Amino acid sequence: MFYKGERIAVFIDGANFFSAAKALNFEIDYRLLREEFMRRGKLVRMSYHIALLENDEFTTLRPLVDWLCYNGYSVASKTAREYTDPQGRRKVKSNVAIDIAVASLELSPHVDHIVLFSGDGDLRPLVEEAIKRTGVRVSIVSTIRSQPSMISDELRRTADNFIELDQLKAVISRPARQHTAAEHDEPENELAEAAAS
């Protein structure tokens with residue numbers, strides 16, 4: 001629930017959000033996403049958090065990050081670390097929960113409502129013990145309609161409001177388009193690897 005005139009800040013865990021949308025079989029239109037939250041109140045900040053691989057001079061995510069920077073998003077990127085697990089599989093470690101926590105705590109005195117696009121259970125103490133104590137309402141956007149669910153049950157119960165991402169699909173999804181195999185796989189693989197860690 002949103003109230004007319006309330007000051008809103010939106011924090012997006014890029015990899016988590018991407019994986020949730022992919023699980024629901026749609027692509028995000030970030031212009032429409034921003035417009036949706038501008039309609040819901042006074043949008044103070046639209047913040048996108050992502051981890052990028054440290055050794056890549058050019059990443060397939062760079063065009064998205066650049067577009068977001070020029071179109072009203074505050075982008076916070078950090079370095080992801082690549083490693084090999086005991087089974088020999090390549091893994092990427094890229095937790096942005098701490099960055100989201102710090103940014104949202106800094107902004108919380110200036111807003112009425114914080115919206116977190118993440119299902120990461122590491123954000124539960126932030127919501128329960130820090131932000132809500134200041135009187136700021138917290139909404140979590142993720143999905144329980146995927147198999148498995150993309151949100152921690154503890155985080156969902158802690159929030160003032162849970163928004164099922166599938167219900168936003170009609171408003172924030174890009175129209176389907178034709179892709180070549182290379183075009184379709186590269187950005188998705190990088191984001192999916194970051195979300196899986």
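Which helix holds both R40 and E36, and how many residues apart are they? Both residues belong to helix α2 (residues 30-40), where they are 4 residues apart, about one turn of the helix. Helices (H or I, at least four residues) and strands (E, at least two) are DSSP runs numbered from the N terminus.

## Basis of the model

This is a predicted model, in which local features need pLDDT of at least 70 and side-chain atom pairs count only at pLDDT 80 or more, while totals for chains, interfaces and linings use all residues. Residues are numbered from 1 along each chain as its sequence is written, and side-chain values use heavy atoms, with hydrogens and water left out.

## Salt bridges

The whole structure contains 14 salt bridges, each defined as a side-chain nitrogen of Lys or Arg within 4 Å of a carboxyl oxygen of Asp or Glu. One of them joins the side chains of R40 and E36, at 2.8 Å from N to O. R40 is partly exposed, at 22% relative accessibility, whereas E36 is buried at 10%. Here buried means under 20% relative accessible area, exposed over 50%, and partly exposed in between (1.4 Å probe, protein chains only).

Helix α5 (residues 124-131) holds another such pair, R124 and E128, which are also 4 residues apart, about one turn of the helix. Their closest N and O atoms are 2.3 Å apart. R124 is partly exposed at 24% relative accessibility, and E128 is partly exposed at 39%.

The salt bridge between K78 and D99 has its closest N and O atoms 3.4 Å apart. K78 lies in strand β3 (residues 74-84) and D99 in helix α4 (residues 97-107), so this pair ties together parts that are 21 residues apart in sequence.

## Aromatic pairs and charges over rings

There are 6 aromatic pairs in the structure. The rings of F2 and F37 have their centres 5.9 Å apart and their planes at 70°, so this pair is edge-to-face. F2 lies in the segment before β1 (7-13) and F37 in helix α2, so the contact ties together parts that are 35 residues apart in sequence. Both F2 and F37 are buried. F17 and Y30 also pair edge-to-face, because their ring centres are 6.2 Å apart and their planes stand at 85°. Rings of Phe, Tyr and Trp (its six-membered ring) pair if their centres lie within 6.5 Å; planes under 30 degrees apart count as stacked, over 60 as edge-to-face and the rest as tilted.

One aromatic cluster is formed by F2, F17, Y30, F37, Y48, Y73 and F117. The charged end of R40 sits over the ring of F37, 5.2 Å from its centre; this requires NZ of Lys or CZ of Arg within 6 Å of the ring centre and within 35 degrees of the ring normal. R156 likewise lies over the face of F162, at 5.3 Å from the ring centre.

## Helix α7

Within helix α7 (residues 165-172), L165, L168 and I172 are buried. Seen down the helix axis, the buried residues of α7 fall within an arc of 60°, so they line one face of the helix; the arc is that of the directions from the helix axis to the C-beta atoms. Q167 and A170, on the other side of α7, are exposed.

The buried residues of α7 pack against α1 (14-23), α2, β5 (113-117), β6 (137-142) and β7 (161-164), where contact means heavy atoms within 4.5 Å.
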